[in-house]
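Visitor: Hi, could you walk me through this one? I'd like to know what I'm looking at.

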Amino acid sequence: MDMHVPGFGHGLGEALLIEWVAGVGDRVERGDAIAVVETDKASTEIVAEREGRVTAHCATAGEILKSGELLYRLTAD
Amino acid sequence: MSTVRSASLAESINTALADLLEQEPRLLLLGEDIGRLGGVFRVTRGLQERFGKDRVRDALLAESTIVGQAVGMAMSGLVPVCEIQFDGFTYPAVNQLVTQAARIGGRWNGQVSPSLVVRIPTGGGFRGVEHHSESNEALFARLPGISVACPSTGEDADQILRYAVTLGSPVVMYEPIRLYWQRNTPARAPEPARSPTAARVVRRGTDLTIATYGAITHEVLEAAHALDPDVDVEVVDLRWVAPLDMDTVLRSVARTGRLLIVHEGSKDVGIGAEIAAAVAERGFDALRGPVRRLAPDRRPYPPADFEKGYLIGVQAIKDEVLVMTK
Amino acid sequence: MALKSESEYATDPDSDTRRSLLRHMLVARGIDEEARQLHKQGALDLWPSCQGQEAAQVGSALAVGPAPTVFPSYREHAVALLRGVTPDELFAQWAGRTFCGWDPRRVRFFPYTMVLAAQTLHAVGYSIGQRLQGLEDFVVVYIGDGATSEGDMSEAMNLAAVESAAVLFVCQNNGWAISKPAEEQMRTSVAERARGFGIESVRVPGQDPETVYSSCSRAAAHVRGERAPYLVEIQVGRIHGHSTSDAQEVYRTPDDIAQTRAADPVPAYAARLSGLGLVDTAWFDAVDEEVRELRERLTKEYV
């Protein structure tokens, strides 16, 4: 399924993708780190919203992510 | 619709504050969490490291303390620039602002001219919790002795700040929270303002004038761009709500013959009422139709799930313009 | 009138200082009487009398010396006069001519503040500001018992404590917040409250100017030596109402008012110095003459 860039609060609509933590093929539990991003306010983690296996990254490190955009894909296996 | 990518409001204010701290040794910053943390919005990020704890002061969590001590500091010859953390937390400082800061110059028969700035993050649209999304600029606009600025861009905030710290009387500057980190903004006319206190015509047009200020200037511009070429809207960004630059508004209305006022603060006894009254008094003959206001009803800012219904959106602005020009 | 330099002030007043204390008290009493008279004649709109508080005001003001800047409340007329505010300058705001009749910088006695306790935060901020600029940061702020209920007073005490600001709080507790008696205003003394904020404090009776002088001298030395705040609570009596528009007979018993009058610090101190032979009839005549001239000038100016 498609997983999207979450909101970052307080009017922050975007964040810089620093690195992926969960690689393609990795199994993740809800709450596991998916990626490290840097908003204008702070460095933070994007975490898995549910358990599953990461099947695709839809952005690369160094890219600006906008809330609501497609970020990665997950299958429930 | 054309947009431009520029420095964010927060970055512009940070740069302006750093420059001012550099240039004016009597200037200091005072606010909750502005030092170690760099402010809850990181507007003052890096300034304490650069200028030290004496000049970038982490204040006690007490707004009356912040403004009250700033009044004393101004009496001693310093230029305090205070930060209130959120608009809705301004109220404990109102007594010190209204009965003290605003009146010191008169009470001292002009012997003290306190340049004292209070920066207040303002407005909604970012799913803030209670008290974090308010717009109370009209409250201070009513009070003689206080100037009230509502910039909508980093460039304007920069110009206003540099002017405010030399004014010799208190200035409250409202900074829209939802613009702090926004970099893509609707294109606007590059005309410079006539003076630091003047309004700015940010879009030239012939059919109707919209007078507005603060964050919602962006929605107004977006609506104006979208209505083009059917309706040619002129947009006046007031930049200050006290004192109001009515000359710029009246000149614009003389050209377009129609006036709509749009603001995020609630409508009743608001800034729009003052502008409408002034245009009725001084520009009535130029009007081709009634002056109208578009602003939220007089009710508390709602929980985040309902803020879209409270705030004035682009569609509502377009609809109003079409009604007025049909 | 010349003030002594800081170092000349000892903890216990010498004979010259004692005469000075009495003279300032007598002058303040005479000016206060004239204000009450002028109010009755319609020449002043309002007057908050300081009668009964002269020993506290003169004792504290002489003890701290000329260096500190004073942030008054609105009843510190004896302090104002001692600092060099002229009587006609003092009356100007009560006659509706201005919001402040004197030059605050010249006398380092800042304008009266009608909004209770607002000046306490200014005082602390001013002291911090002066310190940051390497300037004299010793500040004295006056407050009444009623105003200590305001949030700004608590905020100012806490701010002064955490910033270790060189602020001397002088609380004149006259027992009444207009009609609200002190025992209904607080469960502890103001001095005890200050200690809760980490501010050293003392509570002293305010009938004898020498007691006040000594306590405030020690307090000033503490502020200077420790570069930290201090609070002196002075128990005083309020002889007249809160202001000329008050009617204290409505809420105070005749006995209570009579007792306050009987404890009037001015005649008591005059009698004491007389008894000690420090002042004589000629001395009193000279002060009377000075007061008479000041009152005549005020009458000319305001009637």
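**Helices, sheet and chain contacts**

Guide: Happy to! Helix α10 (residues 271-282) of chain B lies across β10, β13 and β14 of chain B, at about 160° to β13(B). Axes here are lines fitted to C-alpha atoms, for helices over the stretch in contact, and angles run from 0 to 180 degrees between N-to-C directions. Helices (H or I, at least four residues) and strands (E, at least two) are DSSP runs, numbered from the N terminus. This is a predicted model, in which local features need pLDDT of at least 70 and side-chain atom pairs count only at pLDDT 80 or more, while totals for chains, interfaces and linings use all residues. Residues are numbered from 1 along each chain as its sequence is written, and chains are lettered from A and ligands numbered from 1 in the order in which they are written.

Visitor: In what order do the strands of that open sheet in chain B come?

Guide: The order is β9-β11-β10-β13-β14, five strands with mixed pairing. Two strands pair if DSSP finds at least two bridges between them. β9 (200-203) and β14 (292-294) of chain B are the edge strands, each pairing on one side only.

Visitor: How many bridges join β13 to β14 in chain B?

Guide: Three, and the two strands run parallel. Val262(B), for instance, has Leu294(B) as its bridge partner in β14(B).

Visitor: Switching topic: which pair of chains has the most contacts?

Guide: Chains B and C, among the two pairs that touch. Two residues are in contact if their C-beta atoms, placed from the backbone, lie within 7 Å. Chain C brings 25 residues to that contact and chain B brings 24. α6(C) gives the most to chain C's side, with eleven residues.

Visitor: And where does that leave A and C, how far apart are they?

Guide: Chain A and chain C do not touch, and their nearest C-alpha atoms are 29 Å apart.
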